[in-house]
Each structure stands twice: as structure tokens, then as C-alpha cells.
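Below is a brief report on one model.

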Amino acid sequence: MKELTLNDFRKRAEGGGLYRSLDELARDDDFIAAVEREFPQQALPLERGVDRRDFVKLMSSSLALAGLAACNRPAEKIVPYVSQPESLIPGRPLYFATALALGGVGAGVLVESHMGRPTKIEGNPDHPSSLGGSDAMMQAAILGLYDPDRAQVVRHLGEIATWSAFLAALQPVLKDAKSNGAGLRLLTQTITSPTLGAQIQQLLAAYPGMEWHQWEAVSRDNVREGLRMAFGGYTNAVYHFDKANVVVSLDSDFLAAGPGHLRYARDFTSRRKVRHGQTASMNRLYSFDCGASSTGSLADHRWPVRPSEIEGLARALPAAIMKDLEANRGASIVIAGDDQPPIVHTVVMALNQALGNIGSTITITDPVEVAPVNQLESLRQLVTDINAGAVKALVMLGGNPVYDAPADFNFHHALTKVPFRAQLSPYYDETSMLVHWHVPEVHALEGWSDVRGHDGTISIVQPLIAPLYNGRSPHEVVGAMIGGLDQSPYDSVRAYWFAKGANEQSWRKWLHDGQIAGSALPARQVAIAPLPPAGEGPRSGGEGLQLHIRPDPNIHDGRFANNGWLQELPKPQTKICWENVALISPKTANDIGYDDEKRSALVNERSTVRADVTYRGRKVRLPLWVMPGHPDGVLTVYLGYGRTYGGKVATPEVGVNIYPVRFSDAMSGGAGAEIALVGGEDAYPVACTQEHQSINPKDMYGQEREIIRAGTFAEYQRDPHLGHKEHHGDESMYPPHVYKNHAWAMVIDTSVCTGCNGCVIACQAENNIAIVGKTEVHRERELHWLRIDRYFRGEPSNPEVFHQPVPCMQCENAPCEPVCPVEATSHSDDGLNDMTYNRCVGTRYCSNNCPYKVRRFNFFHYADYDTPALKPMRNPDVTIRTRGVMEKCTYCVQRVNEAKIEAEKRGGNQRVRDGEVTTACAQACPTEAIVFGDMNDKTSRVAALKGEPAHYALLAELNTRPRTTYLGTIRNPNPEIKGTS
Amino acid sequence: MAVGKIITGTYGLIAEFTNPQELLDAAHATREAGYTDTDAFSPFPIHGLHEAVGMHATKLPLIVFVGGIIGGIGGYVMCWYANVIAYPLNIGGKPYNSWPAWIPITFECAILVAAFAAVFGMLALNGLPMPYHPVFNLKRFDQASRDKFFLVIQSRDPKFELDRTWEFLETLHPREVTDVPW
Amino acid sequence: MAEVEDKLVHEVRPTTQEMRIPARFIPSPTVEPGHTFASVTDHISSIVLRKRMPLLWTITFAVSAMLVMVLTGTIGWLLLKGVGIWGINHPVGWGFDILNFVWWIGIGHAGTLISAILLLLRQEWRTSINRFAEAMTLFAVASAGLYPALHTGRPWYDFWLFPYPNTMSLWPQFRSPLMWDVFAVSTYATVSMMFWYVGLIPDLATLRDRANNKLAQLVYGALSMGWRGSAKHWYRYETAYLLLAGLSTPLVLSVHTIVSFDFAVSQLPGWHSTFFPPYFVAGAVYAGFAMVLTLAIPARKIFKLQDFITMKHLENMGKVMLATGMIVFYAYLMEAFFAYYSGNSLEKYMYLNRINGPYRAMFYALIICNGLAPQLMWVKRFRTSPVMLFITAMFVNVGMWLERFVIIPTSLHRDFLPSSWGMYHGTKWDWSMYVGSIGLFLFLLCLFIRYLPMISIFEMRTLLPEAQSHAAEAHE
């Protein structure tokens with residue numbers, strides 16, 4: 001009989017919920033056998049199965065926790081952003097400042113808390129890494145907090161255990177480590193937390209032989225090493241895009257990913273908001289794009305290039321660009337992508353130095369990490385040591401190396417050789433299945449800590465809520481290892497900073513502000529090292545099909561795989577959700593036999609073919625997706641999918657795991673990939689929310705239909721109307737309705753929309769929008785109230801890209817209203833197109849008659865009424881829609897009404913002042929592309945924008961008189977460069 | 001018509017004919033003979049027969065017309081009351097009293113009520129439903145819905161005298177004459 | 001009774017074919033010669049009063065009953081899960097549901113049209129098919145009614161579409177074409193029902209008198225309300241009938257006009273069109289006559305009604321199909337012309353998408369079924385061949401369904417913003433609902449044929465020569 005591995009049982013355990021299936025499995029002889037193979041010393045206890053008592057206790061407690069714990073504020077004193085917690089008024093939310101980190105680097109946020117339940121995350125306007133903007137991952141963290149699939153108890157070999165049991169089990173290991181030193185290893189992700197850093201140093205001091213490894217699948221090793229080569233020592237580069245007139249991006253996605261991208265997007269776009277009579281000049285962005293990046297989609301000149309060509313370009317930029325750069329010495333930036341090898345970063349820094357940018361548009365500071373290392377080498381070292389039997393005990397703080405370590409490391413085999421292995425992580429994931437002890441990790445909103453921003457600014461991370469699922473913070477684990485068993489994270493963090501000279505006021509102020517003012521790392525004088533000679537040219541031979549591995553724009557390295565919001569979020573450029581595909585250029589598609597008519601037949605049905613991609617003898621089967629503007633001969637794939645364990649959302653058949661073809665010497669892929677279409681397979685459905693027009697230029701009606709208005713800055717200066725006159729009067733058989741008091745309106749500046757999706761998730765969180773799953777999305781039933789339309793213009797080989805966020809237009813002559821037979825949708829007196837959910841019978845006529853198709857229908861009972869954990873997450877001010885009801889963007893009417901009530905309470909003039917209310921999308925937008933306000937208030941920003949010459953209404957000829965309108969896309973191409981090639 | 005004349009025994013005398021022409025002639029003859037309380041029964045409508053049995057016009061068209069007017073006004077008023085008085089809402093920027101949108105409903109209501117008036121008016125005027133009627137006592141009357149034609153002279157007719165009327169009917173060459181009991 | 005039946009079966013009448021003169025020189029009569037009041041009455045009533053129905057009827061009944069099961073099953077699942085079981089999505093909010101609604105309503109138009117308009121036009125040939133057609137109308141409307149009732153997201157709140165006083169003084173929104181539909185369709189159903197019943201009363205009396213079992217006598221007696229064929233009654237009866245016809249005529253025209261408003265009032269390219277009302281009405285008549293033929297041709301064969309539903313009827317209906325078919329075809333051409341002449345890129349794209357988009361097959365099939373097939377009716381040989389008529393009618397039935405498909409989902413699936421374009425496909429539940437509604441239609445039709453005279457007996461009597469004779473003199 002075939003030997004079953006634990007993996008098989010994991011599969012078997014799917015669906016049933018962990019405890020029950022373990023119980024069943026425990027009675028399964030094969031399982032015992034398998035366990036004995038993997039955990040020889042632990043064969044016995046499992047045979048007992050799970051104690052029913054524990055099971056019942058656990059289930060009930062988890063329910064209780066979800067419901068009740070949600071109402072406890074943590075015991076320690078936390079400080080609200082606007083008012084004291086003592087002054088908590090039932091029904092009124094409080095805001096607390098804290099910070100959320102990705103890849104160790106944090107950005108400040110404000111968290112809205114309803115009666116002690118965090119419900120919404122906003123950027124912190126005072127924090128330099130956010131300036132009030134937030135991205136999809138930050139917004140979705142709220143769902144991550146309540147996620148019922150998070151690990152909820154300490155487990156020993158999958159069995160329910162206790163924290164104290166873990167500590168007990170830890171003691172012998174520590175004692176052993178104390179005595180003979182070596183053998184104890186710590187594996188963490190990137191750490192910028194000064195407190196945790198100090199604690200770890202303490203730990204290392206306490207156990208001389210101990211070693212500390214760091215590993216992060218999406219690491220910035222290339223940048224670190226590149227800068228080290230350039231400046232001889234680990235440093236951190238901070239960019240000031242607001243000072244740059246010319247920006248050259250070498251495969252960098254600085255607008256959408258990486259530390260400080262929110263700030264960078266704000267700074268960069270601050271030079272692209274063209275206002276009539278005010279804007280004298282625009283900045284200019286040249287982008288060499290190896291995939292389909294948001295940065296590329298905003299560029300004035302974009303060239304698709306193979307990753308291997310970047311180094312050559314870095315060493316010799318095209319003359320026209322160099323000219324432009326020279327002309328802007330000290331006011332330009334050349335920036336390389338994180339995936340580019342160190343040498344490219346070195347070269348680029350040298351170039352910046354030569355251009356006098358360093359010190360002006362680029363600041364070099366000390367690293368933000370507490371202990372910068374080459375994480376790849378660090379992990380390699382760990383694996384080698386394990387295989388050499390030098391590792392007796394391994395404690396992992398966060399991370400999921402079994403899933404995301406380079407394929408050639410065979411980490412999971414190595415791991416099982418370690419006699420004692422413990423992991424602290426938020427989910428019971430692939431790695432957890434192979435450790436002896438698993439401790440649930442707190443969510444960033446549950447525990448105390450501190451973190452540095454992209455420029456080193458320190459924020460104190462304060463919890464919004466007591467841990468929902470018995471989570472433990474890394475401070476506790478490290479603290480416990482040091483010996484301070486009863487030391488709470490609060491004590492650790494507080495102690496650290498008071499030792500650094502903080503006092504009660506400053507502490508309160510830091511908490512209140514969400515940052516330690518002036519803690520940004522100071523600029524550092526650096527001397528550029530001599531530029532190393534050009535290597536053997538393009539790395540790893542530019543020949544053949546090139547595999548290009550990228551972190552997923554939504555679920556990053558896979559850590560967000562169980563977050564339904566992010567899973568269902570259409571990816572910024574491809575508009576695909578719920579899976580990863582292989583992106584190829586139209587030409588490459590033809591070359592490999594996936595030709596146009598084959599494609600256009602499938603693409604209508606949002607389907608495609610799959611292909612077997614073979615790289616270094618390893619094969620992955622991926623759906624092919626043709627991406628206009630994608631470099632030829634390159635195959636872009638996203639990491640993070642194909643999880644085998646780690647939550648109900650993440651696991652069942654969601655995407656394909658790319659890590660098996662990611663090797664330590666080709667972390668972002670390389671040449672030599674082979675691709676073969678899978679024959680004899682019927683069309684493979686892809687959950688893509690927008691496809692047709694991109695595939696067939698003939699169908700691209702954006703221009704003819706005046707959906708997109710675009711022009712160059714030069715043209716704008718000649719004709720600020722961009723060639724369009726508002727020739728549509730608003731003739732009507734009836735006199736227009738007069739709006740005396742407020743007239744809410746929105747203007748969206750398409751010039752500065754990066755398509756980052758922050759607004760989409762913000763809307764989802766604010767308005768309790770349900771997710772529908774891949775099949776339903778593929779049936780075109782997604783529920784997002786706000787979508788970001790993406791249009792292409794020009795040749796599919798390298799088209800211009802336009803992003804157009806489309807919320808409800810709130811038409812004054814709303815076509816949806818007169819056709820509703822039951823008055824379920826009608827106009828409010830301040831001009832909102834309101835939905836009365838409980839009056840809706842669901843004829844769907846309104847949706848048919850909506851020219852913008854912004855109405856969304858509950859074809860099934862999509863909303864999750866049952867999961868207790870999700871109930872406290874919802875915004876109490878917004879109804880949860882039931883089956884058979886039409887829903888749509890309301891301009892966040894709950895916020896509008898709250899503001900109006902506040903204004904009334906002020907008495908006197910009862911008008912809401914400009915800026916007192918904004919919608920979730922506008923608040924989230926990192927580039928402030930969305931502006932919301934009162935059109936009747938002539939001093940409001942929105943009123944001013946409505947006066948802009950480039951301002952236009954979508955489908956104005958229908959005389960719907962939309963309240964949501966747009967500013968045309970204005971770009972600033974270099975007149976000396978003809979075309980984009 | 002004669003009032004207070006006591007009728008006993010029979011409802012009237014009935015003559016059976018085999019084709020519509022005979023019936024029509026007979027009806028006319030009866031009328032000329034001065035009988036007033038007569039009625040004729042046929043399996044299908046016969047032109048002019050109603051005049052022959054002394055009936056000239058019906059109020060039905062008037063009833064239907066009135067019904068139509070009431071329905072139309074009612075329909076419009078309903079729309080107007082509902083969307084202007086009871087619960088005025090700004091619907092797509094249209095005025096509360098958007099009369100053009102209410103024409104279809106006004107029209108339909110007019111038709112509906114008029115049709116009701118026509119049907120129930122007809123039934124009422126005909127005194128239907130009427131489960132019992134003396135003529136049904138006649139054995140052969142079931143042929144009236146097949147291919148036989150009947151002419152009845154009621155006993156309450158002022159000129160009615162059993163034997164003389166019987167003789168008169170015989171002169172019309174019917175298939176047979178019989179009396180209809182109550 | 002039995003011997004009457006035998007008579008029917010064995011009786012051989014001389015038909016025009018057997019005569020010396022070529023058939024085509026002889027105008028075929030509305031009733032074949034040699035019939036008497038008695039024979040007409042007995043023949044038609046015997047169909048109802050007989051003990052056993054022909055095998056074909058039994059089969060049809062059994063099959064349709066099964067389809068009704070399918071329908072109920074589908075409806076059950078629909079109420080349980082939601083309209084998501086259908087293929088509808090964004091942007092295609094209406095699919096088979098409204099499509100089939102319009103298809104059925106269209107079919108439902110022939111009945112009233114034949115009974116009312118042809119009556120006013122003194123087309124006496126209508127007599128032998130109007131009862132049948134009216135019944136068909138009612139059942140088609142019944143099938144149609146299923147869809148608007150069940151297509152809503154929350155059907156249990158459908159009553160909100162009816163104006164009833166309530167504590168919140170919430171009323172329907174009478175500007176919505178859907179409200180117009182509610183009134184139009186319910187009025188149409190009610191009036192047709194009354195029209196039909198009024199027409200039945202004298203025949204019910206006939207059945208009452210013919211029936212030979214107590215129950216039948218009782219039921220028919222009650223239904224005929226004591227009708228006794230009094231001359232005065234006949235007079236008011238005819239007046240009422242004429243008035244009803246007068247009312248039904250504008251009504252029948254208004255119903256499909258209002259149905260077309262569902263589309264014409266919206267602003268979707270392909271829907272937003274001023275000429276929809278006449279176009280839809282013509283289409284309705286077209287579909288209606290096609291369906292009458294589809295049903296009448298087999299029925300007259302099964303129940304040996306060739307003498308009453310003669311070649312003349314079939315031929316006339318063929319002519320009507322030809323005429324209305326031409327109107328509909330003209331409408332298709334006009335749509336193309338508008339698209340071109342309006343100069344509106346959206347209108348243009350809408351039409352291009354019809355003839356060249358993903359659903360072009362549907363469009364071409366539509367042209368063949370509705371545009372070309374009826375052209376056969378130019379040829380007298382086809383017009384007078386039941387088989388050819390039946391085939392053509394079938395084409396038209398399919399064609400009218402395709403027409404609605406081309407109008408509804410094909411216009412919706414690619415509208416203003418290319419970003420929200422989509423595709424639409426009916427799911428198995430869409431189909432089962434459709435097939436089920438056909439089952440319901442046939443089921444009711446079978447019951448009607450079984451228990452009510454499918455040809456108006458008393459009106460047939462008036463067509464006989466012996467009935468005519470007096471009229472001439474009466475008019476002197």
C-alpha cells in the first residue's frame with residue numbers, strides 16, 4: 001500500500017474543521033503510521049485523539065471570544081486619537097492611532113473603533129509614510145483581525161495545548177542551550193521594531209551560542225546589497241518625488257509597492273495635478289517595465305523590457321532621457337526595482353550621485369531594520385546548519401518558510417530534522433503542520449509593539465482590542481525566552497522607551513499622534529564607491545522565454561491568502577481575482593500558438609487556456625493571460641497562491657503555487673523557461689472583472705465614446721478642454737430640480753489614479769460589502785460598489801493605460817429611479833441617489849437602465865449572517881443586504897448624515913463645512929485623486945474642480961447630470977521622443 | 001301591461017318551430033295579433049327577433065360609457081394621489097405630477113371598469129343568473145339550444161285566454177303547441 | 001352518444017377535391033356544405049361529452065402534466081435559492097425571465113385580436129377559431145404571468161407592486177413601465193377572461209342540455225347561469241359582446257405597446273426606440289397567429305374538424321402571418337437604418353454587435369425564421385397546405401423567441417461602458433422554467449379541449465345556410 005504522508009491527511013482534513021477531523025484522523029491507523037514517520041518521539045499522545053472536553057471547551061470559547069472579547073478594551077491605558085476613551089459615547093466611534101507593517105516597515109494608521117470594536121482603518125495624516133493615504137492591504141487588515149480561520153490556541157503536534165505547557169516545554173531546550181551554547185536558533189522576518197530588536201539582542205547575549213536568522217520571501221535583499229556595494233555599508237534610501245522633475249523607473253513599482261509607496265505616490269502625483277492657471281509645469285516619468293506595474297501605467301513614456309535588459313539600460317540610458325536628466329540635475333530620480341539584482345541598484349545610485357540627486361531628491365540614511373542582513377544567505381546558512389545537524393532547536397517568529405523558502409533549499413525536509421521546533425504565526429499554516437509547538441500570533445491591532453516607517457519614523461503600535469484568539473506577540477515569546485515570563489508586551493515596549501527617556505506626557509503624545517515626532521533617521525553623508533565594471537552583461541542569459549516572478553499585488557507573498565477581500569480584489573492591471581495567471585504579451589501568445597482568434601473566442605467568456613510552464617525541470621500548470629504592453633518573451637507570474645494549509649479561503653483550489661519554481665539563485669526568475677499549451681482541455685474560466693475591450697482594439701470605444709479624455713500637457717496648455725467642448729446642454733421637458741441646501745458631489749482626477757485599489761477595499765470595509773467567490777465573479781456578479789475601470793489606447797504591444805474609478809454617479813436625472821416600481825430608489829434633498837434596501841423587490845430594471853452599470857444585485861444570499869467572528873467587524877451604521885436586493889454606492893450616506901447631525905448640533909449656520917465629511921474611497925486614496933464635497937458651497941475644493949476646463953462628466957450626452965465627474969488624464973511626454981518605442 | 005291579473009296554473013303557451021324564419025314570422029304575427037307579453041327562444045341570435053317580441057333599445061351602452069369614465073378618472077386620481085399627495089418623492093428629478101407617465105394606467109383602468117360594466121350590466125339586465133325558469137319545465141325545451149325554435153305567450157298577457165290563444169298559435173303552423181306549467 | 005361518434009368517424013363527405021373543377025378555382029367555404037344546426041351542435045358538443053378522448057390527446061396531456069411537474073420543481077428551487085440560479089448577471093439583468101414573458105404575452109394577442117378586431121371587421125371566418133384562440137390567449141397570459149411574478153429578487157414582496165392602502169402610505173411608483181405592465185397585463189387577463197366566458201354562456205347552455213350525466217348537467221347548468229336563448233337576452237348579449245369587442249381592440253393594442261415601453265422608455269441602445277410599440281404589436285399578432293396555426297392544425301386533424309376549420313381559415317391565417325411578418329421584417333430594417341442615420345456611435349455599435357458580435361448566430365437565425373420563412377406564404381400552394389403552414393408557423397414561433405433574445409440580452413450585454421460588458425447564457429434552470437411554462441400552457445389547453453367546446457357552437461349555427469336564409473329577407 002502507498003505510504004500516506006501527513007499532506008494527504010491535511011487534504012483529508014480540509015473542510016471538516018480542524019478539531020473534528022483530527023479526532024477522526026486520530027483513529028486512523030495510516031495516520032498514526034504517518035505521524036510516527038514524521039514525529040517518531042511523539043507517536044503516543046496522538047493515538048488518544050482529541051479529548052472531547054477540550055473540543056467542546058474550545059469551540060464554545062472561540063464563539064464566546066468572537067462575540068464577547070470583541071467588546072473588551074485592553075486593560076492597559078490606550079489613548080484615542082481625538083478624544084479620551086472615558087468620553088466614549090455609545091454609538092459614536094473613537095479613532096486610535098497605530099501603525100501597520102508590511103515587510104517589517106510600517107505606515108501610520110487611524111483605526112475607527114465602535115464601542116471597542118475596530119471596524120475601519122484609515123491612513124494617519126500625520127504619519128510621513130501615509131499622509132492619510134492607505135492601500136488595499138492596510139484596509140483589509142480589519143478582516144484579517146476578525147478572520148475566524150486564524151490560529152486560536154497553542155497547539156502541540158496539532159493538539160490543543162496551553163501557553164504554559166509551551167513555556168514548560170521550552171525550559172529544557174533553553175537550559176540545554178545555556179549549557180552547551182550552540183544549537184538554539186531564532187528565525188524571524190524583517191524587524192524594525194526597536195523594542196523587539198533590543199529584546200533579541202538581550203536574548204543573543206543570554207545564549208552566547210545562539211544565532212538569529214531572518215527570512216522574508218519578498219525581501220529587499222537586492223536593494224540592501226546594492227546600496228551596500230554603492231556606499232560600503234547597509235543604508236536606506238528615502239526618495240523625495242515631490243522635488244523631482246524627471247523620474248526614471250527601471251522596473252520599479254514605487255507608486256504601488258515597497259516601503260513608503262503611499263508617501264511616494266502622494267509626492268509624485270503632487271506634481272501631476274494640473275490646475276488651470278496654477279500649474280506651470282509637470283514632472284515626467286520614464287518607465288522601463290518588465291511586467292504590468294501600476295507605475296508603468298502612469299508613465300509618460302513606458303517601454304516594456306525584459307528583466308535582463310535592465311542592467312544594460314541602467315549603465316547606458318537612451319540619449320534623450322539622459323538629456324532630460326542632465327537638464328534636471330539635482331531634481332531628478334532614477335530608481336530601480338526591488339527585483340533587480342544588487343548591481344543594478346549600485347549602478348543606479350552611482351548615476352544618481354552623478355546627477356547630484358543624492359542629498360537633494362534622495363536621502364541616504366541608516367537602515368531602518370534593526371539588523372540588516374542578506375536574508376537569502378541567512379536562510380541558506382540556517383538550512384546548511386540544520387542539515388549539518390548543528391541545530392537543536394528552532395524558534396520561528398512569524399513567517400511560513402515551509403511554504404515560501406526557495407525551492408532548492410528543501411526547507412521542509414530540513415525542518416523535520418530539527419529536534420525541537422516552535423512557531424509563532426497568525427495561521428496554522430504549512431510550516432505549523434511540521435512544528436512541535438505552534439503559538440497563535442496576535443494581529444497588529446491586538447498587541448503592543450513599535451515599528452519604523454520608510455524614513456525611520458517610529459510609531460508605537462497600540463492594540464485596539466484584547467486578543468480575540470489567545471494570540472501572543474513576539475515580544476512575549478522573546479521575553480519568555482529571556483526569562484521574563486510575566487512580562488507583557490506593553491511592559492516591554494513601555495520599559496524600552498522609558499529607558500530611552502520617555503515620560504508619561506511624551507508617551508501619551510506619541511500614542512496620540514501615532515508617531516514619535518522627529519524620529520525619522522537623519523540624512524547621512526555617504527561617499528559613493530567606485531562603480532564596479534559591467535558584469536557578463538545580461539544576467540542569466542537573456543535567451544529564451546524568461547520567467548519573471550513577482551509578489552502578488554493583493555496577497556503579497558501569500559500571507560494574505562486567507563483574506564477574502566484581497567482575494568476578490570481585481571488586480572490593478574489585469575483585473576483578475578481569486579487566482580494567479582501567467583501574463584504574456586500578445587506577440588508571445590501568438591508565438592506559442594495561442595493566437596488571436598483562438599483568444600477572442602475565449603475572452604468573451606472570460607476564459608483562457610492553461611499551459612505547463614517548465615523551469616529548471618520543475619513544472620507548474622498556469623492559466624495563460626495576455627496582457628497588452630507586457631514585454632515579449634517574458635512570463636510574469638505572481639507568488640502567494642496555491643496554499644495547501646492556512647484557512648478556508650486560502651486553500652481550496654485558489655491559484656497555483658509558484659515557489660516550487662523559485663530558486664535561490666533566481667529569486668525573481670530567469671531565462672530558459674519552457675511553455676506548452678495544455679491540449680484537450682476545455683476553456684479554463686478566469687475570474688476577470690473586465691476583459692473584452694482590452695483584447696481587441698476595435699472594441700476599445702473609450703475614445704469615441706468620450707469615456708476617457710486624455711491629452712499631453714502641451715496640448716492642455718494650448719486647449720485646456722483637451723479638444724472636447726461641453727456641447728450637451730441639459731434640455732429637459734421638466735424644470736430642473738433645485739437643491740437648496742447641500743449638493744454632494746465628487747470629482748475624480750484620472751491623471752493621478754494609480755489603480756492601487758485602496759479605495760475599493762476602503763469602500764468594502766466601510767459599507768459591509770460581501771464577497772461572492774470565484775465562480776460568482778466569473779459569472780459577473782461581483783458586488784464591489786466602486787470599481788476601477790482600466791482602458792488601453794494604442795497598439796496592444798505597448799498601449800497607454802488609463803485608470804478610471806467608477807462609483808455611483810449619483811445622477812440628478814437618475815435613469816434608475818423612474819423605472820423602479822416600488823420607490824426603492826429615490827433622490828434625497830441633497831441630491832443623493834438613495835437605495836431603500838428593505839423596500840427593494842429586486843426587479844433589476846434599475847441596473848438595466850443604469851448607463852454606468854454601477855448597481856450591484858444580490859443574486860444569492862451573499863452576506864454572511866452566521867459567522868459570529870465577522871459580526872463585530874461590520875460597520876454598525878450600514879445595513880447588511882439580504883438576497884434579492886439591489887445595492888450601490890451611496891456616497892457613504894452614513895458619514896454624510898453623521899456630519900449633518902454634527903453641524904446641526906453646532907447650531908446657527910447648519911451647513912457642513914468643506915472637509916468635514918468625506919467618503920471612504922476619497923479618504924483612502926493615497927494620491928487624493930478623489931475629492932468629495934458640497935457643490936453648493938462655492939468655496940469647496942469640489943466646486944473649484946468642477947470649474948476646471950479639463951473637467952467632464954461621463955456620458956454627459958445622456959443628460960443624466962451626474963454628480964460624480966472627472967478630470968481628464970494629462971500626461972507630459974518628452975516632445976523629443978516620438979512614439980513610445 | 002295589465003296589472004293585478006291573477007295568473008294560475010300555467011305560465012303560458014309555447015309553440016315550437018323548426019327554423020328561424022318560421023319563428024320570426026310567427027313572432028311578428030303574434031305581435032300584430034296584439035299580444036304583448038311574448039318571448040321567443042332560439043339556439044342563436046336572430047336578426048329583428050327582439051323587436052318582434054316587443055323590445056327596442058337597451059341601456060347597456062350608456063352603462064359601459066359611464067363605467068369607462070369612472071375607471072379613467074379613478075386611474076388618474078390614484079396615480080396622482082399616490083405620488084403627489086400621499087408620498088411625494090423626487091424620482092429622477094421628475095416633477096411630482098408627471099402626468100404623461102400616468103396615461104397608460106389611466107387608459108387601462110378605463111377599459112377595465114368599462115368591461116366590467118358591460119359584462120355585469122348585461123347579466124343584470126338579463127336577470128341572469130336565473131337557476132329556475134318555467135320554460136325549462138317543457139320536456140322538449142332542451143332542443144332550444146340545439147336546432148328548435150320556440151315562441152311563448154305568457155298567461156299574464158292581457159289578451160291571454162287559454163283556448164283562443166292556443167287556437168291562434170295553431171294558425172302559425174308550429175310543429176306543436178303545448179302549455180308551460182309553473 | 002356513441003352512435004353520434006361513429007357517425008362522425010365513418011361519415012364521408014364529398015370534398016372539393018373529388019369534383020371535376022380544379023380545387024384552386026373554388027373559394028373554400030367557412031363551413032363545408034351539408035351541415036345542419038343539429039349536426040354542428042352534436043359534432044362539437046360530442047367532443048366534450050364523449051367518454052374517451054383520442055390517444056393523441058391523452059399523450060399530450062400526460063406529457064404536459066409532466067412538464068408542469070418540472071415547472072413546479074423549478075419554481076421551488078428558485079424560491080429556495082434565489083434568481084441567481086438563472087444566468088442573469090451584471091450587465092444582463094434580464095434574461096430568459098423577461099424574454100419568455102414577452103414571448104408568451106405576444107402569443108396571447110392572437111385570441112383577443114381574432115375575436116375582437118375580426119368581429120368588428122365582420123370577418124365571419126373568425127367564428128370557428130375564435131373560441132380556441134381566446135382560450136389560447138388566456139393560457140398564454142397565464143404562462144406569461146409566471147415570469148414577472150417570479151423574476152423579482154424577493155417574489156414574496158410582489159404585492160408591493162399593487163396599490164393597496166397601508167399604514168405607511170407607501171404606494172407604487174406609477175412612473176415605472178413595470179407598473180404600467182402590472183395594470184396592462186392584469187386588465188388584459190381579466191377582460192379576455194370575461195370576453196371568453198361571455199362567449200361561452202350559450203354553448204354552456206347547449207352542453208347543459210346535451211349532457212347525459214348528473215354532475216355535468218349540474219356544472220354546465222351552473223356555469224350557463226340559466227341561459228335559455230330568449231330573444232331579449234340575445235339582443236343584450238350581442239350588444240355586450242360587441243361592446244366588449246370594441247373595448248378589447250384598443251386594449252389588445254395597448255398591452256403590447258406597454259410591454260414595449262419596458263424597453264422603449266429606458267435609454268439603452270437597442271431598447272430606446274420610438275417605433276417599438278407598432279413593431280411589438282405587429283410582432284405579437286404575428287406570433288399569435290403562428291401559435292394558433294401550430295395548435296389548430298393538429299387539433300382539427302385529431303378531432304376531425306376539417307369541416308369547421310376549413311382551408312379558408314388556414315389560408316387567411318397564413319396571409320395574416322405574411323402581412324405581419326413583413327411589418328416585423330421592416331422593423332428590423334428600420335433599426336439598422338436608425339443606427340446608421342442617427343450617427344450615434346452607441347446605436348451604431350449596438351447594431352454592429354448584433355450582426356457581428358458574439359450573438360450574431362442568433363441574429364441570423366432570427367432573420368431566417370422571421371424574415372424569410374413567412375415569404376413562403378406568397379405561394380398559394382403553401383398557404384393551403386397544412387403541413388407547410390405548420391412548418392412556417394413553427395419557424396415563426398422560434399423566430400419570435402429569437403427576436404426577444406436579440407432585443408433583450410444582446411442589447412444589455414454590451415452597452416455604454418466597455419468596462420462592464422459581459423456575456424449571458426441561460427442555465428439549465430432557465431430552460432426548465434421555459435419548458436415548464438410551455439407544459440403549463442399545453443396542460444391548460446388540454447383541459448379546455450376536454451371540458452369546453454373548442455368551437456363556438458352558436459356562432460357556427462349562424463354560419464349555416466338555413467340561418468342565412470332569413471337574414472336576407474330581414475334586411476329587405
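Accessible areas come from the Shrake-Rupley method with a 1.4 Å probe, and for residues only the protein chains shown count as cover. For chain A the accessible surface is about 33,100 Å², with 55% of this belonging to carbon and sulfur atoms. The model is predicted: local features need pLDDT of at least 70, side-chain atom pairs count only at pLDDT 80 or more, and totals for chains, interfaces and linings use all residues. Residues are numbered from 1 along each chain as its sequence is written, chains are lettered from A, and side-chain values use heavy atoms, leaving out hydrogens and water.

Chain A holds 31 helices and 38 strands. These are DSSP runs numbered from the N terminus: helices are H or I with at least four residues, strands E with at least two. Of its 981 residues, 66% are buried (under 20% relative accessible area, 1.4 Å probe, protein chains only). Among contacts in chain A (heavy atoms within 4.5 Å) with a separation of 6 or more, 74% join residues 24 or more positions apart.

| Helix | Residues |
|---|---|
| H6(C) | 127–151 |
| H15(C) | 386–413 |

H6(C) reaches 37 Å from first C-alpha to last, close to the expected 36 Å (1.5 Å times one less than its number of residues). Because 21 of its 25 residues are buried, H6(C) is largely enclosed by the rest of the structure.

Ser411(C) lies in H15 of chain C. Ser411(C) is buried, at 2% relative accessible area. Its side chain makes a polar contact with that of Arg354(C) at 3.4 Å. Such a contact is a pair of N or O atoms within 3.5 Å; within protein, one must be able to donate a hydrogen and the other to accept it, and residues adjacent in sequence count only if both atoms are side-chain atoms. Not counting residues up to four places away in sequence, Ser411(C) touches residues including Trp271(C), Arg354(C) and Val406(C).

Conventions:
Buried < 20%, exposed > 50% of the residue type's maximum accessible area, 1.4 Å probe, protein only.
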